[in-house]
Amino acid sequence: MNKPLRRVAIFCGLLILALLIRDNWLQYVQADGLRTDEHNRRVAIERYASPRGDIIVGGEPITGHTTTKGDFQYKRTYKDGAMWAPVTGFVSQAFGANQLESIEDGILTGNDDRLFFRNTLDMLTGKNKEGGNVVTTLNAAAQKAAYEGLKKQGGKGSVVALEPSTGKILALASFPSYDPSTIAGNGASDAEAWNKLQKKDNPNDPMLNRALREVYPPGSTFKVLTAAAALENGLYEDADQNTETPLPWTMPGTTTELKNEGDLPCEDATLREALRVSCNTVFGKVGSDLGNDKMLEMAKKFGFTEEQFVPVRSSASVFSEDMAPSEVALSSIGQFNTAATPLQMAMVSAAVANNGTLMKPYMVDELQAPSLDTIEKTDPEEMSKPMSAKNAQILQSMMETVVEKGTGTNARIPGVTVGGKTGTAQHGVDNSENPYAWFISYAKNSDGSSPVAVAVVIEDENAVRDDISGGGLAAPIAKSVMEAVVKGKQ
């Protein structure tokens with residue numbers, strides 16, 4: 001071969017080698033990136049080319065699908081979408097997905113690796129690909145009671161209900177809410193609906209999952225945790241021991257008296273009486289006497305300072321470290337920097353009701369293949385043990401006194417033992433805005449077991465300030481949720 005031909009051959013060989021390298025780079029290195037690139041329309045077309053699996057509550061789907069015109073063949077639909085939005089999240093042809101719709105997307109679309117064998121068989125037999133199902137732990141009656149209670153109240157707020165013995169989430173409601181069906185497509189109406197839901201255009205922020213993502217000062221509901229710390233650290237041995245709390249009580253290191261909400265019998269009150277009438281002085285002094293480290297340790301045992309994943313992420317609740325004694329006192333009555341999600345305060349109530357054992361909260365019971373075979377099952381998991389069974393039962397008796405003849409009488413259920421704690425948390429600079437109304441509670445069976453624990457928080461900027469209280473606004477909603485669960489168990 002002469003020299004010019006040899007050069008041409010070598011050059012062509014290099015071109016072929018470069019082509020092979022580029023081809024392998026695309027297929028094996030960049031393949032995943034190109035496949036999932038948001039600008040790859042083929043991915044989106046394939047995503048909506050088959051019906052999406054369902055999210056299931058109580059054996060019934062709360063989602064569905066409908067056919068559409070254009071490249072995207074199927075669109076998601078929702079039943080009672082606004083009620084279930086904090087659970088399902090949304091999936092949209094234009095705006096992506098969030099919450100369960102995003103986290104369990106692989107199962108719902110049928111693209112999960114655990115469905116590979118079935119998908120291969122379907123491909124060989126010519127059967128269309130189907131999505132699997134997400135079976136939740138939610139209780140439809142409890143969710144309805146929670147959402148309708150919030151809607152009737154008319155302000156902003158949320159409800160979380162747990163099964164104390166397992167950690168199953170029975171209700172997860174947030175108000176105001178939105179219907180994910182209105183943004184499920186990619187048309188002009190979907191874009192218009194999306195814009196109306198954004199916080200900049202809608203101060204009520206209906207897409208905010210208040211049950212998991214909003215943290216509030218818990219107010220006097222935090223006194224349950226402070227009482228738990230007093231019992232666990234041996235500061236007091238039982239509910240009816242006098243606390244030797246003076247009235248007035250001046251916070252350490254200051255000349256400021258910690259005030260009670262009214263003329264209450266708080267001087268030297270027992271823990272039971274202090275919880276019944278909600279004495280700031282008693283529980284502020286308890287927290288100050290125990291100190292920052294012991295209070296922080298107890299808060300962490302109940303789940304504070306860490307995000308929770310249920311599997312949707314819940315914001316971390318706050319209890320600070322390195323506080324002055326006066327700041328610890330305020331934090332121990334649910335003020336200063338202390339802040340909690342409704343999920344967190346439901347966890348506090350659930351741990352007390354479950355004799356001191358806190359179970360990890362979760363809302364996905366199992367994942368199913370399109371054939372309804374179980375792919376994955378969630379087993380209940382102990383998260384921590386904040387209290388001994390003995391001390392938890394002491395605290396139960398105190399919370400039951402609150403409902404029997406204290407600030408929580410609106411949560412009474414005939415024939416059912418109910419424990420609870422009200423809270424009215426300060427809001428705004430110098431408490432200038434309407435406070436938040438809280439109620440945490442549990443219902444108990446005759447055998448001592450508890451089928452449900454609840455946390456309710458209400459934000460109502462339109463209410464008359466003097467009418468805002470946890471017992472008045474939040475307790476009736478908690479009662480209706482507990483009743484829905486208890487009646488369903490009977």
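Predicted model: local features only at pLDDT ≥ 70, side-chain atom pairs only at ≥ 80, totals over all residues.
**View 1. An open sheet of five strands.** The strands of this open sheet follow the order S2-S1-S7-S15-S16, and their pairing is mixed. At the edges lie strand S2 (60–61) and strand S16 (374–377), each of which pairs on one side only. Within the sheet, strand S1 (residues 55–57) and strand S7 (residues 133–136) run parallel and are joined by two bridges, and Ile55 stands opposite Val134 in S7.

**View 2. The largest nonpolar core and the surroundings of Met363.** The largest nonpolar core holds 119 residues, of which Val159, Leu225, Phe304, Met363, Leu395, Val454 and Met482 touch the most other members. Helix H18 (residues 470–489) provides the largest share of this core, with 10 residues. A second, separate core has 12 residues, among them Ala85, Val91, Ala193 and Trp194. When residues up to four places away in sequence are not counted, the contacts of Met363 include Val87, Leu100, Val135, Leu138, Ile169 and Leu172, and also Val310, Pro311 and Val312.

View 3. Phe175 and Pro176 are joined by a cis peptide bond with omega of about 0 degrees, and Pro176 is found in the loop between strand S9 (169–175) and helix H9 (188–197). A cis peptide bond also joins Val310 and Pro311, with omega of about 10 degrees, and here Pro311 is found in the loop between strand S12 (308–309) and strand S13 (313–314). Both Val310 and Pro311 are among the residues that Met363 touches.

View 4. Asn355 has a positive phi of about 55 degrees although it is not a glycine, and its place is in the loop between helix H16 (342–353) and strand S14 (358–359). With a relative accessible area of 27%, Asn355 is partly exposed. Leu372, likewise a residue other than glycine, has a positive phi near 75 degrees and lies in the loop between strand S15 (364–368) and S16. Leu372 is exposed, because its relative accessible area of 52% is over 50%.

How values were computed
Residues numbered from 1 in each chain as written. Heavy atoms only, no water. Pairing = 2+ DSSP bridges. Helix = DSSP H or I, 4+ residues; strand = E, 2+ residues; numbered from the N terminus. Core = buried A, V, L, I, M, F, W, Y, C linked by side-chain atoms within 4.5 Å. Buried < 20%, exposed > 50% of the residue type's maximum accessible area, 1.4 Å probe, protein only. Contact = heavy atoms within 4.5 Å.
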